[in-house]
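Here is a friendly tour of one protein model, meant to be read with the coordinates open beside you. Have your viewer ready and pick out the residues as they come up.

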Amino acid sequence: MCELFGVTANRKIKINDLLKRFYEHSVDHRNGWGLALLDDSSVSIEKEPVRADYSLYLKNRLTGRIETARCVAHIRRATVGEVNFSNTHPFLQRDESGRTWVLVHNGTIFESNILNAYQCKQHGTTDSERILLYIVDHINRHYMQEMNCFDANERIRLVDKLIRRIVPENKVNLMIYDGDYFYVHKNEEGTLYKSERPGSVIFSTHPLTPDGWEEVPQNQLLVYKDGELIYEGEKHEHTYIEDEENTKLLYLGYAGL
């Protein structure tokens, strides 16, 4: 699987040391790295389909000061989709209102007919990109139907409903940023942690420092605004438990064996 890193804060904070520790995990996640800085109504995405600790670009990037109030980062261990630029996280999509959505995903979609329809629309071949296309497609439908009546609270509730639709039988650890709100969800035990400080929350698949981390609540969507928790979704019962046989079959299927 993959690993995730994210920040939501009410001010810019320096994250170089945390990113360095995070990208060191690429020894076991060697199929690509990505970083999205989400500040000042702009989105800057940098990514390569190479092992992070082999990337000269990333090494040089981390020598300069990186400060952000909002970001997501990803290191990939591929399960679905080839190792190439189009399949490297983060993924970006703009909706009909002009809003930019960014997603990183740690997991695998084993069963989901509702996502299969997006295979012909995506740039790459990952199940992760299809999650974002599915969400933005439904955001667009509601936006066109409701126009100015489609407010932020409705948007959050819709994202919550859509995630709950795809979690059965699937591992759906993800972070999404919609230009205003930072969405976090996980449904496998021990696979996402947070470090809360005044005005900021840092997320990582594994703790990046010895102290100050706690596990993110499981099986519910959490939504943050500038480091503050503003929405907790209703808990669901779709905990993902890894099944080695299912994973093996998925690998074989995509390898054409």
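The briefing below moves through aromatic contacts, charges over rings, a helix, a cavity, backbone geometry and a few individual residues. Please keep in mind that this is a predicted model. The structure holds nine aromatic pairs, and a search of the whole structure finds one cavity of 30 Å³ or more. A cis peptide bond joins His 89 and Pro 90.

**Aromatic pairs and a cluster**

- Nine aromatic pairs are found in the structure. Take the pair of Phe 5 and Phe 22: the ring centres are 5.7 Å apart and the planes stand at 40°, so this pair is tilted.
- Phe 5 belongs to strand β1 (residues 3-14) and Phe 22 to helix α1 (residues 16-23), so their pairing ties together parts that are 17 residues apart in sequence.
- Phe 5 counts as buried because its relative accessibility is 0%. Phe 22 also has 0% relative accessibility, so Phe 22 counts as buried.
- In the pair of Trp 33 and Tyr 57, the centres are 6.2 Å apart and the planes are at 20°, so the pair is stacked.
- Trp 33 comes from strand β2 (residues 33-37) and Tyr 57 from helix α2 (residues 56-61), so this pair ties together parts that are 24 residues apart in sequence.
- Are Trp 33 and Tyr 57 buried or partly exposed? Trp 33 is buried, with a relative accessible area of 1%, whereas Tyr 57 counts as partly exposed at 41% relative accessibility.
- One aromatic cluster is formed by Phe 5, Phe 22, Tyr 23, Trp 33 and Tyr 57.

**Charges over rings**

- Over the ring of Phe 85 sits the charged end of Lys 47, 5.1 Å from the ring's centre.
- Over the face of Tyr 181 lies Lys 225, at 5.5 Å from the ring centre.

**Helix α4**

- Helix α4 (residues 127-146) is made of 20 residues. From its first C-alpha to its last it reaches 29 Å, which is close to the 28 Å expected at 1.5 Å a residue.
- Most of α4 is covered, with 14 of its 20 residues buried.

**The cavity**

- The search over the whole structure turns up one cavity of 30 Å³ or more, and the largest cavity contains about 70 Å³ of space.
- Which residues line the largest cavity? The lining is made up of Cys 2, Arg 76, Arg 77, Ala 78, Thr 79, Val 80, His 89, His 105, Gly 107, Thr 126, Asp 127 and Ser 128.
- His 89, one of those lining residues, is joined to Pro 90 by a cis peptide bond. Asp 127 and Ser 128 are also among the lining residues, and helix α4 covers residues 127-146.

**Backbone geometry**

- Most residues other than glycine have a negative phi, and most peptide bonds are trans. The spots below are worth a look with that in mind.
- The bond between His 89 and Pro 90 is cis, with omega at about 0°. Pro 90 is placed in the loop between β4 (67-75) and β5 (91-94).
- Glu 169 is not a glycine, yet has a positive phi of about 70°. Glu 169 sits in the loop between α5 (152-166) and β7 (173-177), and is exposed because its relative accessible area is 62%.
- Asn 219, again not a glycine, has a positive phi of about 65°. Asn 219 is in the loop between β11 (214-215) and β12 (222-225), and counts as buried at 6% relative accessibility.

- Ser 112 has its place in the loop between β6 (100-106) and α3 (113-116). With 11% relative accessibility, under the 20% cut-off, Ser 112 counts as buried.
- Which residues does Ser 112 contact, leaving aside its neighbours within four places in sequence? They are Ile 166 and Asn 170.
- Asn 16 is part of helix α1 and counts as buried at 4% relative accessibility. Leaving aside neighbours within four places in sequence, Asn 16 is in contact with Leu 62, Gly 64, Arg 65 and Ile 66.
- Cys 120 is in the loop between α3 and α4, and is exposed with a relative accessible area of 70%.
- The C-alpha atoms of Cys 120 and Tyr 23 are separated by 32 Å, and the two residues are 97 residues apart along the chain. Tyr 23 is one of the members of the aromatic cluster.

Technical notes:
Residues are numbered from 1 along each chain as its sequence is written. This is a predicted model: local features need pLDDT of at least 70, side-chain atom pairs count only at pLDDT 80 or more; totals for chains, interfaces and linings use all residues. Side-chain values use heavy atoms; hydrogens and water are left out. Helices (H or I, at least four residues) and strands (E, at least two) are DSSP runs, numbered from the N terminus. Buried means under 20% relative accessible area, exposed over 50%, partly exposed in between (1.4 Å probe, protein chains only). Contact means heavy atoms within 4.5 Å. Rings of Phe, Tyr and Trp (its six-membered ring) pair if their centres lie within 6.5 Å; planes under 30 degrees apart count as stacked, over 60 as edge-to-face and the rest as tilted. A charge sits over a ring if NZ of Lys or CZ of Arg is within 6 Å of the ring centre and within 35 degrees of the ring normal. The expected span of a helix is 1.5 Å times one less than its number of residues. On a 1 Å grid over the protein atoms alone, a cavity is a set of points where a 1.4 Å probe fits but cannot get out, and a pocket is an open set with protein on both sides within 12 Å along at least five of seven lines; lining residues have an atom within 4 Å of a point. Grid points are joined across faces, edges and corners, and a volume is the space filled by probe spheres set on the points.
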